[in-house]
Amino acid sequence: MRVTLRALVWTFGLIVAVVLVSSCGIGGLSPIFPTPVSPNGQDIYNLYEIISVPAIIIFIAVEASLLWVVVKYRRSRQPAGYVPPQIHGNTRLEIVWTIAPLIVVLAIAAYSFDILQKNFQPISPSNYTIVVSGHQFGWNYTYPENFTIHQEGTLAGDVTPFVVPTHRLIRLQFQGTDVIHSWWVPAISGKTDAVPGYDNFSWLNISTEGTYRGECAELCGVGHSTMQIIVQAVSEATFNGWVQEQLAAQQKANATPSPSPSPSPSPSPSASPSVKPSASPS
Amino acid sequence: MAATGVLPRPKAYDDTFWKPITLWLTTTDHKLIGIMYMVTGILSFVIGGIFALVIRLQLATPNAKVVDPETYNQLISAHGVTMIFFFVTIFLTGIANYMVPIMIGARDMAFPRVNLLGFWLVPVSIILYYSGFFTGGALDAGWTGYAPLTEKAYQSHSLGVDFWALSIIVWAISGIMASTNFLTTIVALRAPGMKLTRLPLFVWAQISTSILLLVVGAPLAAAMILVEFDRQLGTQFFTTQGRPVLYQHLFWFFGHPEVYIMILPGFGMISEIIPVFARKPIFGYMSMVAALFGIVFLSMTVWAHHMFTVGMNTYVEGFFMLMTMLIAVPTGIKFFNWIATAWWGSIEFTVPMKFVFGFLATFLIGGITGVYLASVPVDTQLHQSYYVVAHLHYVLFGGSVFTIFAGIYYWFPKITGRMLNRTLGEWNFWTLFVGFNGTFLIMHTLGLEGMPRRIATYTNEAWATTNLIITVSSFLIAFSVLLFLINVIRSWNGGEIAGDDPWLANTLEWATTSPPPPYNFERVPPVRSFMPLRDLRESGELEAETPSAPAPVHV
């Protein structure tokens, strides 16, 4: 009996230690997403922190009461012949632990919905839209200046970077051409699916220059793990220079006849972003 | 002859070599069918576990080449399908098949032959699924089998997807049969005095599970039939030209309630086991039942929370987020009632009770991470990452599997007449508890750092150490399951004799012999509350019963 009690305390101690170590962010054990560089990612980050407050309180309170029960009410700790009180319930108490969690989850839901309305509406005021098209196994990025970057997946993950300027609100228009893919760069924001048949929208507005890595997050076939993403955020001036380079390269390619660069079979350039073709059960 | 009811049969008929074989193949006894369900479930658990170990070996190091990506995709699909469809659901159907009729004082299920057919469809379903491996490769699109990846255009090299779809259709029919049977049995065959308000909570849990499976089994079969139409008849329901997201709606309308189909019977077991070992009645019986039905209702209104990144209207997403979070309320009621039941108790920490507390400690984590995942903005980060893998294992392994172990250690004496070895049981629990948390607790961080699920390998060195720790811990789980199997095999014939009621329990199954005779009860005991056996024990009526060994009777 005593041995198992000690083992129990040790186990809980170990779990707490792991949580503590991980909260210090040592060696690939981060308790939260990478520091976001785009405001929509920052909002998700903040929301995650806010949900963590009641979550940690509830976690500690319930685990502590479980531990209390385990230690305090075990038969070996009770006086000989102890007969537990035969309680069948307590309506007032039961109402309390129905209402209290209800308030907590309603508050979390309301706050989440607020963020959702603010950051996940496709109508962001941006006149700079890049079309991101997913295929097995890579991404095509078509810029408003009419050139396309092909980011074909490789095993090593050294894919062609998707170059964007910092401090510019960029709208991303996602298209699927074969199966469903999902574009995810954790340091920027959450993921958006590229679904064949309709367009999805997201946006980014990167504040810091740098290279951000991501991956396709929806199983899309044998090459799924090769379908990696590199986003390279550069200054406005560098970006404009880079765009000119791409345009010049394209002109040169067009001068000599070559096969068309980007097949874009997606048939729906829908203007209204919230179009939802999937049937909703009535 | 009238006293025992033995039908005179030729002796030679019973003693042939074929007797045991024909007995198991043709039996309509709910107990034997229940045992076959449970054995099938455990075998699936072992097979699914072996798949998991290969997956973990592949992920232990970056750029590993233990299996190629195509095999890897088949392994993760087979792991999911095996564990969800062929282990947890099947095992729980088995334990309910065995226990529900006895707990309500019935002699068998309402439709014994439907029960027989329903069980034998399960091996058919399992064989169909694994047949895929011999046609050039089984399902390789994850256990969810999202279209259009399962369509002919992208998966034409084998019949794996077709066999999967057929297998799931057969499985759904089997599940609908079992659910109908459970509901009819519980409504129609209760013993005198067993009012609905006196049903054991495990039986209530089985009612809610059966309602869920009855409602969502058919849409699942429908989705699979449409997938087959697309593949073999050239329709365009879910193809690239069709509406792939419709498949997700149909699948998750089954898929999310399935989560509760896999945990509600476990909730029922917890509600049975805590009162027995704390020597206190369950706290808030009525609110426990109400919470069950709250979960049943809510679980059918949350399916699209698996689809927050497909691009739905934000108000639709808000609705599914709200309903998902509301599930925390009935689940919380159950959780607090369990703690209140144990509070002030005189708790004996037998092996089943250890698994119960292991369940409470780990399932809580799964519940809390569920709230993060329900929040739409946060979910767009966590969705399809290792955070989800960790979360789902906390509710399915820390939840369902721990309750299954609790149930096995609790009811094994009733089923076999022998106790499971306690020392091996303690080892089983502690290695499982440490191995489980070691595997899945740090897995959350991989998801937060951006490791998507279902990738065959990774190049990021920062994930290497975490993945290695996870792989090592997963082998501790395998060791623990090995201890469990040794314990079961050793104790089945060689364990300590249990007697009718080794735990001093509350419910009717412990009022009969261990194992119960084919007809369950010689005389059904009177039922005066939801703890009929305890009433008998306290009023002294139990002592008055003659403990004569019952004669074998065929009814």
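Analyst: Two residues are in contact if their C-beta atoms, placed from the backbone, lie within 7 Å. This is a predicted model, in which local features need pLDDT of at least 70 and side-chain atom pairs count only at pLDDT 80 or more, while totals for chains, interfaces and linings use all residues. Residues are numbered from 1 along each chain as its sequence is written, and chains are lettered from A and ligands numbered from 1 in the order in which they are written.

User: How many residues of chain A are in contact with chain B, and what are the classes on that side of chain A?

Analyst: Ala, Val, Leu, Ile, Met, Phe, Trp, Tyr, Cys and Pro count as nonpolar, Asp, Glu, Lys and Arg as charged, and the others, Gly among them, as polar. On the chain A side, 87 residues are in contact with 87 residues of chain B. By class, that side of chain A has 48 nonpolar, 28 polar and eleven charged residues.

User: Are helices α3 and α17 of chain B roughly parallel or roughly antiparallel?

Analyst: Helices (H or I, at least four residues) and strands (E, at least two) are DSSP runs, numbered from the N terminus. Axes are lines fitted to C-alpha atoms, for helices over the stretch in contact, with angles running from 0 to 180 degrees between N-to-C directions. The axes of α3 (residues 30–59) and α17 (residues 464–494) of chain B come within 9 Å and cross at roughly 160°. Because angles over 145 degrees count as roughly antiparallel (under 35 as roughly parallel, 65 to 115 as roughly perpendicular and the rest as oblique), α3(B) and α17(B) are roughly antiparallel.

User: Is His181(A) buried or exposed?

Analyst: A residue is buried if 20 or more other C-beta atoms lie within 10 Å of its own, exposed if 12 or fewer, and partly exposed in between. His181(A) is found in strand β6 of chain A, and its contacts beyond four places in sequence include Gly134(A), Cys216(A) and Met227(A). With 32 C-beta neighbours inside 10 Å, His181(A) therefore counts as buried.

User: How does Leu468(B) count, with 14 C-beta neighbours inside 10 Å?

Analyst: Leu468(B) lies in helix α17 of chain B. Its C-alpha atom is separated by 17 Å from that of Arg454(B), 14 residues apart along the chain. With 14 C-beta neighbours inside 10 Å, Leu468(B) counts as partly exposed.

User: Which element of chain A do the buried residues of α9(B) pack against?

Analyst: Among the buried residues of α9(B) are Tyr285(B), Met288(B) and Leu292(B). The buried residues of α9(B) pack against α7, α8, α10 and α11 of chain B, together with an element of chain A, namely α3.
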